[in-house]
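Subject: Structure for you, with notes

Hello,

Here is the structure I promised to pass on.

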Amino acid sequence: MLRNLLVPAMVLAAGAASAEGLPGVTDGPGPNLVIEVADASGTPKGTITLDLYADKAPNHVARLVELAKSGAYDGVVFHRVIDGFMAQTGDVQHGKQGGDTAMAGMGGSELPDLAAEFSDVSFQQGTVGMARSQDPNSANSQFFIDLAPAPFLDGQYTVVGQLVDGWDVLNAVKKGDAAANGSVEAPDYMLKVTVAE
């Protein structure tokens, strides 16, 4: 099933992202995903922390936590990164660093797809959403983090959290080719993903 259809790259009306951080964003009750990012050679680039919204999307958050705790996200590449829009990762089936990632973005996990949990939370800089195919109830393991406000996604994708630390690290994730819908050659990856509750 195709899960790489977040939105066409041409809908990018988002503004440029600031490198200073995310003013006004606070860490909520969590749980938090702590993601150690590395480049293709394995050199650490830093850590990003995502505050997950268990109150807004309990089933999706439970899935992210389950996959992180099992180690499924360790070594998964940022297969699609579009400058001024978002960074996508989480394909535990086809997105492992060091393997054949040609199909990255097309897979999920061995767990069943999830029914959408839409909320009133708007997609802004640092918002974490679940990637899916054209079926709103097809999110599984892949997620994306907005590099700039993307309110055109509101009500169409499940919001699962917000980046609360490591904006500079996220913004430095290797960008993909805009002409190839953000596909990344020799992508950065999630070296280790842990859960802080």
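A strand here is a DSSP run of E with at least two residues, and strands are numbered from the N terminus. Valine 77 lies in one of them, strand β3. Please keep in mind that this is a predicted model.

**Overall layout**

The protein chain has 2 helices and 9 strands. From the N terminus, the order of elements is β-β-α-β-β-β-β-β-β-α-β. Of the 197 residues in the chain, 49% are buried. Take the contacts between residues at least 6 apart in sequence: 71% of them join residues at least 24 apart.

**The sheet**

In what order do the strands of the open sheet stand? The order is β3-β9-β1-β2-β8-β6-β7-β5-β4, and the pairing is antiparallel. The edges belong to β3 (76–77) and β4 (80–82). Each has a single partner strand, so one side of each lacks a neighbour in the sheet.

Helix α1, residues 58–70, packs on this sheet. The helix touches β1, β2, β6 (127–130), β7 (143–146), β8 (159–165) and β9 (189–196). The direction of α1 makes about 115° with that of β9.

**Strand β1 and its two partners**

Strand β1 covers residues 32–38, and β2 covers residues 44–52. The two pair in the antiparallel sense over 7 bridges. Valine 37 has glycine 46 in β2 as its bridge partner. For valine 34, the bridge partner in β2 is threonine 49. The hairpin of β1 and β2 has 5 residues between the strands. In that hairpin, glycine 42 takes a positive phi near 95°.

β1 also pairs with β9, in the antiparallel sense and over 7 bridges. Alanine 38 stands opposite tyrosine 189 in β9.

Is β1 largely enclosed or largely open? 5 of its 7 residues are buried, so β1 is largely enclosed by the rest of the structure.

Start with valine 77 in the edge strand β3. Buried means under 20% relative accessible area. Valine 77 has 2%, so it counts as buried. Which residues does valine 77 contact, leaving aside neighbours within four places in sequence? The contacts are Gln88, Thr89, Gly90, Gly95, Lys96, Gln97, Thr101, Pro187, Asp188 and Tyr189. One of these is Gly95. The C-alpha atoms of valine 77 and glycine 95 are separated by 5.5 Å, though the residues are 18 apart along the chain.

Now proline 44, in strand β2. Exposed means over 50% relative accessible area. Proline 44 has 61%, so it counts as exposed. Not counting residues up to four places away in sequence, proline 44 touches Val37 and Ala38. The C-alpha atoms of proline 44 and methionine 190 are separated by 9.6 Å. Along the chain, those two residues are 146 apart.

Most residues other than glycine have a negative phi. Asparagine 181 is partly exposed, with a relative accessible area of 28%.

Alanine 186 lies in the loop between α2 and β9 as well. Its phi is near 50°, again a positive value in a residue other than glycine. Alanine 186 counts as partly exposed, at 47% relative accessibility.

**The cavity**

How many cavities of 30 Å³ or more does a search of the whole structure find? The search finds 1. The largest cavity has a volume of about 30 Å³. Its lining consists of His60, Ala116, Phe118, Met130, Arg132, Pro136, Ala139, Tyr157 and Thr158. By type, the lining divides into 6 nonpolar, 2 polar and 1 charged.

**Where to begin**

Open the sheet and find β1, with its 7 bridges to β2 and its 7 bridges to β9.

Best wishes

Methods:
Residues are numbered from 1 along each chain as its sequence is written. This is a predicted model: local features need pLDDT of at least 70, side-chain atom pairs count only at pLDDT 80 or more; totals for chains, interfaces and linings use all residues. Side-chain values use heavy atoms; hydrogens and water are left out. Two strands pair if DSSP finds at least two bridges between them. Helices (H or I, at least four residues) and strands (E, at least two) are DSSP runs, numbered from the N terminus. Contact means heavy atoms within 4.5 Å. Axes are lines fitted to C-alpha atoms, for helices over the stretch in contact, and angles run from 0 to 180 degrees between N-to-C directions. Buried means under 20% relative accessible area, exposed over 50%, partly exposed in between (1.4 Å probe, protein chains only). On a 1 Å grid over the protein atoms alone, a cavity is a set of points where a 1.4 Å probe fits but cannot get out, and a pocket is an open set with protein on both sides within 12 Å along at least five of seven lines; lining residues have an atom within 4 Å of a point. Grid points are joined across faces, edges and corners, and a volume is the space filled by probe spheres set on the points. Ala, Val, Leu, Ile, Met, Phe, Trp, Tyr, Cys and Pro count as nonpolar, Asp, Glu, Lys and Arg as charged, and the others, Gly among them, as polar.
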